[in-house]
Amino acid sequence: MTREDTETRSGRPTPGHPSGELSYGPPGMTAPGARLWRDAPPGFLRFERTVVVGRGEETWTAASEAVLRWEVKTRSGFAVTRDDGAGVAAREGGRYTVTAGLGPFMIREPVEVVAVVATPQRCGFAYGTRRGHPVSGEEAFVVHRDDDGRVLLTLRSLTRAAPAGPWRALFPLLLLAQRRVRARYLRALP
């Protein structure tokens, strides 16, 4: 890894993360491996919602595989590509570009997977925004099951305005768009 890979524009690494390109810190704040999410740093808008996806082993298997292949995003109208060209499956440390069409415009969102969880009861990941993303923060998609056999999807996110660039002025509009997109996320899995 080169010095450029580990430092931000200011010359300081992003706290707690090797890439140094995240637009916030420290990574892992949405705690995708934790059943309860208690801590949220000041300055971020916090969101958490859980919906029932279905029940049973077949639903669990399908939902777990789908969430790790970014299908919550892709079924909601986004394209996801790995920056190194290898498959799309979420991999900790993997860098991706999420693309959204907005009318005739394409918005590219550089992100990095900061945590992956894959246990018999909980499966998912969190990604963080990199420089150039319209907002700053982290989002997690987690499929889990309860003692009654229900399969659930939990969406967690922390959002604030991007630290710099033209998107800062559009932050209020981006929050409105984010609300609409979250509704799609929560309906994305069967």
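Student: Why is Arg91 called partly exposed?
Tutor: Arg91 has a relative accessibility of 37%. Buried means under 20% relative accessible area, exposed over 50%, and partly exposed in between (1.4 Å probe, protein chains only). The value for Arg91 falls in between, so the label is partly exposed. This is a predicted model, in which local features need pLDDT of at least 70, side-chain atom pairs count only at pLDDT 80 or more, and totals for chains, interfaces and linings use all residues. Residues are numbered from 1 along each chain as its sequence is written, and side-chain values use heavy atoms, with hydrogens and water left out.

Student: What makes Arg91 and Asp84 a salt bridge?
Tutor: Distance and atom type. A side-chain nitrogen of Lys or Arg must lie within 4 Å of a carboxyl oxygen of Asp or Glu. For Arg91 and Asp84, the N to O distance is 3.8 Å. That is within 4 Å, so the pair counts. Asp84 also forms a salt bridge with Arg82, at 2.8 Å. Arg82 is buried, because its relative accessibility is 13%.

Student: How do you know that Glu71 and Arg75 pair?
Tutor: Their side chains come to 2.5 Å, N to O. This meets the cut-off, so the pair is a salt bridge. Glu71, at 14% relative accessibility, is buried. Arg75, at 42%, is partly exposed. The structure holds 13 salt bridges. Glu21, Asp83, Arg95, Glu112 and Arg130 are linked in a network of them.

Student: What makes Trp70 stand out?
Tutor: Phi of Trp70 is near 65 degrees, a positive value in a residue other than glycine. Most residues other than glycine have a negative phi. Trp70 sits in the loop between α2 (57–68) and α3 (71–74). Helices here are DSSP runs of H or I with at least four residues, strands are runs of E with at least two, and both are numbered from the N terminus. Trp70 is buried, because its relative accessible area is 1%.

Student: Why do Leu170, Leu173 and Leu176 count as a patch?
Tutor: Patch residues need over 30% relative accessible area and no salt bridge; nonpolar side chains (Val, Leu, Ile, Met, Phe, Trp, Tyr) are joined within 5 Å, like charges within 9 Å. Leu176 has 46%, so it passes the area test. Leu176 lies in helix α4. Together the three leucines have about 280 Å² of accessible area, by the Shrake-Rupley method with a 1.4 Å probe and only the protein chains shown as cover.

Student: Which element gives the largest share of the lining of the largest pocket?
Tutor: Helix α4, with 10 residues. The lining has 33 residues, and Phe78, Glu109, Ala177, Gln178 and Val181 lie nearest the pocket centre.

Student: Why is Pro190 called exposed?
Tutor: Its relative accessibility is 63%, which is over 50%, so Pro190 is exposed. Pro190 follows α4. Pro190 and Thr59 are 131 residues apart in sequence, yet 7.9 Å apart in space, C-alpha to C-alpha.

Methods. On a 1 Å grid over the protein atoms alone, a cavity is a set of points where a 1.4 Å probe fits but cannot get out, and a pocket is an open set with protein on both sides within 12 Å along at least five of seven lines; lining residues have an atom within 4 Å of a point.
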